[in-house]
Amino acid sequence: MNQFNSGPSINTYNKLSHWFDFSNPGILKVYSGKIDIGQHISSTLALIASKITEIKYDQIEIIKLSTDISPNEGITASSLSVANSGSAIKAASITLKINFINYALENLEIKNEDILFENGVIKDKNSNKTISYWDFAKTDDFRKIIIPENFDENSIKKINYENNQKIELKTINDIVTGKYKYVHDINFPKMLHARIVRPPSYHCKLIKINEDFKKRLVENDITLFVKGSFVAILSQDEFLVTKFLELAKKNIFWEEKQQLSNENVFNSLEKHEKESLLVKSGGEAFYEEIPEKKSFDDPKIKSLSTIFKKSYLMHGPIGPSASCAIYKDNKFTIFSHSQSIFALKYSISKFFDIDPNLVSLKFMPGSGCYGHNGADDVAFEASVIAKEYPDRHILLKWTREDEHSWEPYGSASLNKVFGAINDYGEVIYWSNEAYSDTYLSRPSDLELTNFTSYKFLTNNFAKTKSKPKTSAHMGIHRNLDPIYNFKETRLVKNLVHDLPLRTSALRTLGAFANVTASESFLNDLASIKNIDPFDIRINHLDDERAIDVLNNLKEKMEIFKPKDDSFRGIAFSRYKNSAAYCAVGVELNVTDDLEINLNHAWITVDAGEIAYEDGIKAQVEGGFIQAASWALYEEVIFDSKEIISKDWDSYKIIGFDNIPVFTTSVIDQKGSPYLGVGEVVAGPTGAAISNALCNALGQRIKILPFTKDNITKELLN
Amino acid sequence: MNYLDCSFKINGNLKKISIIEDKTLIHVIRDELGLTGTKLGCGLEQCGSCAILIDGEKKLSCNLLAKDYQNCEITTIEGLENKDGLNNVQEAFREFNAAQCGYCTSGIIISITALFDKNKKPSSQEIQNALNGHLCRCGSHSVVLKAIDSLIEN
């Protein structure tokens, strides 16, 4: 058992009242700064609190995030929800329980062996006197308690709990009965429904609105909102705004300031101005001279080089982004499903140049999405409209076309990989150069231009340049640093400028491309020396937990005999080289028509101590499915005028017809820190599919997605 | 704008309302009747989240003209519960925690309810056909399929 660290949130929020509310008898309300985006965080946090406090799970409620009352735990991202909020709530729960027992022993004047502890109530066996958490919470002792930053081994040993509970998700009953309320379902008296009238592309200035059309809007009690080149229509009847939106598009005229580039994006990634940083072991990026790539003349050393390509990907939530805002008594109240609720509060207050305390953000669920989609934009836009119509709620929804065309995509990217392997099967040299646009353009009070509508509101269409982030595994260079003990590495992050599409954080940031490229290339190096894919990995690893995950995967895959005409591939990654470990195996077959059918997927994950096992399985299987969809189907298509991928026909994602059988194993490291699992599976999934496909075709396909067109092109090359 | 007086039989109740004559059924269900369990995802009949039952058949409600369905029995996710509580499909989804964000779930439950109402032991292909056109972005597919399989076993 190790010392337990309470995590970063406790540095700021170290009182029990920051995390717990005992004001309702028999109910423990728990605060968290993380939002439930479908990853079951509310159920997981309730379970953590329940396991330790021994209050029944059903009696624990997680309070929806509000900037008025919740701890600011930053963005719900980067697989840190359980790692941060879970650790904080675990620390708070341990602190509560230890102090409560001490208080009870002292106040009931009894000994430890005379207490009965059930569901938050301590009872003296002899006198039948009781005292509860709810009693304790009213005392000065409770208010004075400070949650420690660390717990020693002895404190932790006093707390016993199991990690294999089956629970009913906090959200599930309302979801299956249609009662679960999303921001889209908000309804207030006299609320105005809004839609934005978008131009064809990013750089268009409003020129003219047809006068007859304006009259028709007035006749139908529809309000036209224009500020700069930002145009919206509003009505109390939602159907009417949807009906007039199409008409509006035909009656509003734009001047295109700049076209999208129709150059092949992979050429642009190589040719355009870029900032190149050297990434060192440990994953940080530095402004240092990039060493020349080595070459090897020794015949005993075999070298190989490859370029992997990945297209633009979209978040594509099934329900388009939405937000509801009201401006009343000089204050904003905004309902949003943004993953950056607190940052949004400060960005919006900055835009209006008002005290941040005059902006209240309240989380309401949206449609599942892992990353920076349209949620922040739509909340900002709703607040802009609400400011002009005080005292009325404005419910602004993006359309399907808005979401597909205007969200910040996951960047297209290139990985130029070069490696050398010696006669002993040791990788002695590894070079990986990643080329990509930014993955980090979430809006903030310092970067208001990251709101897509900002340029339309201000009519300032000047392009802004992203700055490279240098922290370890941040953005483009996430998981660029291989976890393996390669003798020498050369890792380069290239932030490429002036690329055509808007980009930002999509689940895993650069890790999907980097791990898919690295773990595919490692197999190619291994195959030169006929080394087994498991062996090449294990031979270059020291970390026992990493090796255990790979061995577990191997064992689980060996239980199943491969189907005829099917092929297998494996891959491994530790997210950010510091979070969860994950090994993935895939069995697939390729039809004569070059369609890829996924038959079986094996996932072994070590996410530290298990907080909620079924939650971890849901996250890694869901992450596999999304990454498989990226690998097999997804690609944003555009031309010089506009985004072509405007709907689900022009942007195909995986359906129920290509879901493999899953064998998912979770290794429990009880007492170890929680390591989040939202993203770890994506990279190894891309690579395991790539490796299985390589085995099936006898040739590496180096461009994602693995569509019939791309495979055909590669085979012909 | 022309309005029509209409009556709808929805979840066993008769509702009389005046609507814009070309209002789509999903907007009547969600906006006029407040039954927000039916979700709008694309408005293009591509994602399945707006599925409802019309006379027991699964239909996508996002592009249907409401006035054409006045004499039909309309059932939404809110109308699936029976006197004993959740219907079998809802119960299986609840038991297996078969959802992530849940936005696509009501449409899927509607489709699977329509399937099992007609055939208690559907084949894998029939299940696939029922799920065809239902998109999920969170990746809840594997647990949804487990919940559906449990219905066949039971």
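A:A325 has A:I394 as its bridge partner in β20(A). That contact belongs to the antiparallel pairing of β17 (residues 322-328) with β20 (residues 394-397) in chain A, which runs over four bridges. Keep in mind that this is a predicted model; the predictor gives the complex an ipTM of 0.99 and a pTM of 0.98.

**The seven-stranded sheet in chain A**

- β17 and β20 sit side by side in an open sheet of seven strands, ordered β11-β12-β9-β20-β17-β18-β19, and the pairing is mixed.
- At the edges you'll find β11 (223-227) and β19 (359-363) of chain A; each has a single partner strand, so one side of each has no neighbour in the sheet.
- Ignoring direction, neighbouring strands here are turned by 25 degrees against each other on average.
- Helix α12 (residues 375-388) of chain A packs on this sheet, and its direction makes about 30 degrees with that of β17(A).
- The strands that α12 touches are β9 (192-196), β11, β12 (230-235), β17, β18 (331-336) and β20 of chain A.

**The nonpolar core**

- The largest nonpolar core runs to 252 residues.
- A:I394, the bridge partner of A:A325, is among the residues with the most contacts inside that core.
- Leave out residues up to four places away in sequence, and A:C582 touches A:V549, A:S573, A:I603, A:V605, A:V620, A:V680, A:V681 and A:P684.

**Where chain B meets chain A**

- On the chain B side, 48 residues are in contact with 46 residues of chain A.
- The elements giving two or more residues to that side of chain B are α1 (25-32), α2 (88-95), α3 (105-118), α4 (124-131) and α5 (141-153).
- α5(B) supplies the largest share, with four residues.
- By residue type, the chain B side splits into 22 polar, 19 nonpolar and seven charged.

**A hairpin in chain B**

- As for confidence, chain B has a mean pLDDT of 97, and 100% of its residues reach 70 or more.
- Strands β1 (residues 3-10) and β2 (residues 13-20) of chain B pair in the antiparallel sense, over eight bridges.
- One of the residues involved is B:C6, whose bridge partner in β2(B) is B:I17.
- Together β1(B) and β2(B) make a hairpin with two residues between them.
- In the turn, B:N11 has a positive phi of about 50 degrees.

How values were computed:
Residues are numbered from 1 along each chain as its sequence is written. Chains are lettered from A and ligands numbered from 1 in the order in which they are written. This is a predicted model: local features need pLDDT of at least 70, side-chain atom pairs count only at pLDDT 80 or more; totals for chains, interfaces and linings use all residues. Two strands pair if DSSP finds at least two bridges between them. pLDDT is the predictor's confidence in each residue, from 0 to 100. Two residues are in contact if their C-beta atoms, placed from the backbone, lie within 7 Å. Ala, Val, Leu, Ile, Met, Phe, Trp, Tyr, Cys and Pro count as nonpolar, Asp, Glu, Lys and Arg as charged, and the others, Gly among them, as polar. A nonpolar core is a set of buried Ala, Val, Leu, Ile, Met, Phe, Trp, Tyr and Cys residues joined through C-beta atoms within 7 Å. A residue is buried if 20 or more other C-beta atoms lie within 10 Å of its own, exposed if 12 or fewer, and partly exposed in between; C-beta atoms are placed from the backbone. Axes are lines fitted to C-alpha atoms, for helices over the stretch in contact, and angles run from 0 to 180 degrees between N-to-C directions.
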